[in-house]
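Thank you all for making the time this morning. I would like to walk through one model with you, going from its sheets to its helices and then to its pocket.

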Amino acid sequence: MRLKNALIVVSDIERSIAFYRELFGLQIVLNNDGNVIMTEGLVLQEKSIWEQFIGRDVIPENNASELYFEESNLEAFAARLEGYHEPIRYVNRWMEHSWGQKVIRLYDPDGNLIEVGTPMR
């Protein structure tokens, strides 16, 4: 068995596609009416479809999970965030762990937590 994808719930699929394409370089692999598979295994699911499927409300910014990306040029990524056409909601704009890894933590437009860190050696 292997993990194939990670699914996150979004309220505006086009906004989320643009966010992940423009800031993270992800591309659409499959767009199936409210369910979009992007490169790197990220799946975007329209909130209304997900809530109907599970029979429960989605709780944004629940901080129960995190998407983790690695970026060797964190300074360039930070500049892309600062230049993005929508405000970015940060958890940590920039920090360095005791083991030397630099990270930025932020929320996507729907409150899904993201960490971008320098590669672990």
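Before I describe any sheet, let me say what I mean by pairing: two strands count as paired if DSSP finds at least two bridges between them. Please also keep in mind throughout that what you see is a predicted model.

With that rule in hand, look at the open sheet of four strands whose order is 5-8-7-6, and whose pairing is mixed. Strand 5, residues 67-70, and strand 6, residues 89-96, stand at the edges of this sheet, and because each has a single partner strand, one side of each is left without a neighbour in the sheet. If we ignore direction, neighbouring strands here are turned against each other by 15 degrees on average.

Let me stay for a moment with strand 6 and its partner, strand 7, which covers residues 102-107; the two pair in the antiparallel sense over five bridges. Within this pair, R89 stands opposite Y107 of strand 7, while Y90 has L106, also in strand 7, as its bridge partner. The hairpin that these two strands form has five residues between the strands, and there G100 takes a positive phi near 100 degrees.

Which strands does helix 3 touch where it packs on this sheet? Helix 3, residues 74-82, touches strand 6, strand 7 and strand 8, and its direction makes about 25 degrees with that of strand 7.

Now to the other sheet I want to show you, which is again open and has four strands, this time in the order 1-4-3-2 and with mixed pairing. Its edge strands are strand 1 and strand 2, the latter at residues 28-31, and each of them pairs on one side only. From one strand to the next, the twist averages 20 degrees.

The elements that give two or more residues to the lining are strand 1, at 6-10, and helix 2, at 47-54, and strand 1 gives the most, with five residues. What is the make-up of this lining by class? There are 13 nonpolar, six polar and six charged residues.

Finally, let me step back to the whole chain, where the protein has three helices and eight strands, which follow the pattern β-α-β-β-β-α-β-α-β-β-β when read along the sequence. Along its principal axes, the C-alpha trace spans about 45 × 40 × 25 Å. For 121 residues, a compact globule would have a radius of gyration near 14 Å, and since the protein has 15 Å, the value agrees with that expectation.

That is the end of my tour, and I am glad to go back to any part of it.

Terms used:
Residues are numbered from 1 along each chain as its sequence is written. This is a predicted model: local features need pLDDT of at least 70, side-chain atom pairs count only at pLDDT 80 or more; totals for chains, interfaces and linings use all residues. Side-chain values use heavy atoms; hydrogens and water are left out. Ala, Val, Leu, Ile, Met, Phe, Trp, Tyr, Cys and Pro count as nonpolar, Asp, Glu, Lys and Arg as charged, and the others, Gly among them, as polar. Axes are lines fitted to C-alpha atoms, for helices over the stretch in contact, and angles run from 0 to 180 degrees between N-to-C directions. Contact means heavy atoms within 4.5 Å. The radius of gyration is taken over C-alpha atoms; the globule rule is 2.2 Å times the number of residues to the power 0.38.
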